[in-house]
Amino acid sequence: MTPIWVLLGSVSGAIIGSFIATLVLRWPAGRSVVTGRSHCDNCGRQLRAGELVPIVSFVAARGRCRRCNAAISRFHPVVELCAAALSGLALWLAPELRGIALALLWWQLLTIALLDARHLWLPDRLTLLLAASGLALGGLGVGAPLADRIIGALAGFASLALIAAGYRRLRGRDGLGGGDPKLLGAIGCWLGWTALAPVVLIAALVGLGVAVAGRKDRFDALPFGTFLAAGGLLWSGLLLAQAAGIERN
């Protein structure tokens, strides 16, 4: 049954990925995410239904508009592939409800990571949705007890909020965005308090790697929310892979 679950997960992930890409591009610009026809950014031609099939349409059109031959942004197919790969992996690690719950977590983290990476913005509505879905479904994901997840929400928010306040007091400027503590708290709603330290460690290492590779200085703004999302994604995947390995043995 696992190949069927992986296929279903990948197809649904590609569809969700198309919505995620649209949300990331439209929402910060104040455009509606659910209304308005998709069109070519160059000539304005509205796209037909057959041109909106995730991944397939981009490949069939060879990455170019059929009317004006302008290059189509690769953002949509890349996000669709990422979402498809994440949900396919989730349902390979854990078919049925546990894998579906993990895919839901990963789709949300992918959306948040992209918004922060492109716009340095962590919308409260998405963070609250992540927290609420974690409290409701987190037990199906990595199996953290509800009490651990409630503590994770409080500890995650409080720890980064205190660090941000301390940094502001010492340096006289912000070192963390206001959405970062909320995001860590929301991740705690899914993974529990024991996951907070490894998630932050992974986020710090990813951020350090990005800063070094990009030759950033201490005054450059970095999307720490993106790094936290990456930490939550990687650590939840490791936890589920470990649980799946134990069950198969």
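**View 1. One salt bridge is counted in this predicted model**. The criterion is a side-chain nitrogen of Lys or Arg within 4 Å of a carboxyl oxygen of Asp or Glu. Lys182 and Asp124 form the bridge through their side chains, 3.0 Å from N to O. Lys182 belongs to helix 7 and Asp124 to helix 5, so the pair ties together parts 58 residues apart in sequence. Helices are DSSP runs (H or I, at least four residues), numbered from the N terminus. Lys182 is partly exposed, at 34% relative accessible area. Asp124 is also partly exposed, at 40%. Buried means under 20%, exposed over 50%, partly exposed in between (1.4 Å probe, protein chains only).

**View 2. Helix 4 crosses helix 5**. Their axes (lines fitted to C-alpha atoms over the stretch in contact) come within 9 Å and cross at roughly 160°. The two helices are therefore roughly antiparallel (over 145 degrees between N-to-C directions). Contacts (heavy atoms within 4.5 Å) involve residues including Leu105 and Leu109 of helix 4, and Leu130 and Leu137 of helix 5.

**View 3. The largest nonpolar core has 50 residues**. Such a core joins buried Ala, Val, Leu, Ile, Met, Phe, Trp, Tyr and Cys residues through side-chain atoms within 4.5 Å. Leu105, Trp106, Leu109, Leu130, Ile187 and Leu228 touch the most other members. Helix 4 gives the most, with 12 residues.

**View 4. Surroundings of Trp106**. Trp106 touches Leu86, Leu89, Ala90, Leu93, Leu233, Ser236 and Gly237, leaving aside residues up to four places away in sequence.

**Notes.** Residues are numbered from 1 along each chain as its sequence is written, and side-chain values use heavy atoms, without hydrogens or water. Local features need pLDDT of at least 70 and side-chain atom pairs 80 or more, whereas totals for chains, interfaces and linings use all residues.

How values were computed
Axes are lines fitted to C-alpha atoms, for helices over the stretch in contact, and angles run from 0 to 180 degrees between N-to-C directions. Angles under 35 degrees count as roughly parallel, over 145 as roughly antiparallel, 65 to 115 as roughly perpendicular and the rest as oblique.
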